[in-house]
Amino acid sequence: MTVHTIEGKIEQLQMEKTYIYLQTKDFIMHLSITTEVIDWETGDTISLHKIPAQSYFRLYRLYGQYVLFISEKSTFYGLYEGIYDEVTSCISDVCMIRHSAQTKKYGARLTDGAYVIALCKITTRSIPPQSTPTALFVFRKNT
């Protein structure tokens, strides 16, 4: 399992008939039209025409699924990623998550062994850090 991650500053982003066109100053990408686009600030999905010019992005790809986080800032502090352990509620021992009814959930159902990205605004200083995520994106496992 290899998670591909890329980030940069958007020069142009638009929906085409069969793909999403993303251009930076260094490269052009054609993304799947099923790409989930999430506002890093709110954890809400965002439509392409509402993304401010010169926004920053972080793109994750796994199992043919894409999720694109958008931010007006160049840093994506609070994005935790890894494999979810149902017993400890931890993401790869990096962060213990306490998802609640207010946590926005995207992608597949959260299950043991799923690869997950958690958007956390506040974490405790415990080991491991703990947080209630604003949003979760769970990649569907290939079988």
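This is a predicted model: local features need pLDDT of at least 70, side-chain atom pairs count only at pLDDT 80 or more; totals for chains, interfaces and linings use all residues.

Q: OK. How many salt bridges does a search of the whole structure find?
A: The search finds three. A salt bridge here is a side-chain nitrogen of Lys or Arg within 4 Å of a carboxyl oxygen of Asp or Glu.

Q: Which side chain does Arg58 meet in a salt bridge?
A: That of Glu7, at 2.7 Å from N to O. The pair links distant parts of the chain, with Arg58 in strand 6 and Glu7 in strand 1, 51 residues apart. Strands (E, at least two residues) and helices (H or I, at least four) are DSSP runs, numbered from the N terminus.

Q: Is Arg58 buried or exposed?
A: Arg58 is buried, because its relative accessible area is 16%. Buried means under 20%, exposed over 50%, and partly exposed in between, using a 1.4 Å probe and protein chains only. Glu7 is partly exposed at 41%.

Q: What does strand 7 do with strand 6?
A: Strand 7, residues 65–71, pairs with strand 6 in the antiparallel sense over seven bridges. In that pairing Phe69 of strand 7 stands opposite Arg58. The hairpin of these strands has two residues between them, and Tyr63 takes a positive phi near 55 degrees there.

Q: Back to the salt bridges. Which side chain does Lys73 meet?
A: Lys73 meets Glu41, at 3.9 Å from N to O. Lys73 is in the loop between strand 7 and strand 8, and Glu41 is in the loop between strand 5 (36–39) and strand 6, 32 residues apart.

Q: And Lys104, which partner does that one have?
A: Asp44, at 3.2 Å from N to O. Lys104 lies in strand 11 and Asp44 in the loop between strand 5 and strand 6, so the pair ties together parts that are 60 residues apart in sequence. Lys104 is partly exposed at 26%, and Asp44 is partly exposed at 34%.

Q: New topic. In what order do the seven strands of the open sheet run?
A: The order is 11-14-12-8-9-10-13, and the pairing is mixed. The edge strands are strand 11 (104–107) and strand 13 (130–131), each pairing on one side only.

Q: How many bridges join strand 9 and strand 10?
A: Two, in the antiparallel sense, between residues 90–91 and residues 95–97. Cys90 has Met96 in strand 10 as its bridge partner. Asp93 lies in the loop between these strands and is exposed, with a relative accessible area of 61%.

Q: Last one. Where is Tyr84?
A: Tyr84 is in strand 8, residues 79–85. Tyr84 is buried, with a relative accessible area of 5%. Tyr84 and Asp112 are 28 residues apart in sequence and 5.7 Å apart in space, C-alpha to C-alpha.

Technical notes. Residues are numbered from 1 along each chain as its sequence is written. Side-chain values use heavy atoms; hydrogens and water are left out. Two strands pair if DSSP finds at least two bridges between them.
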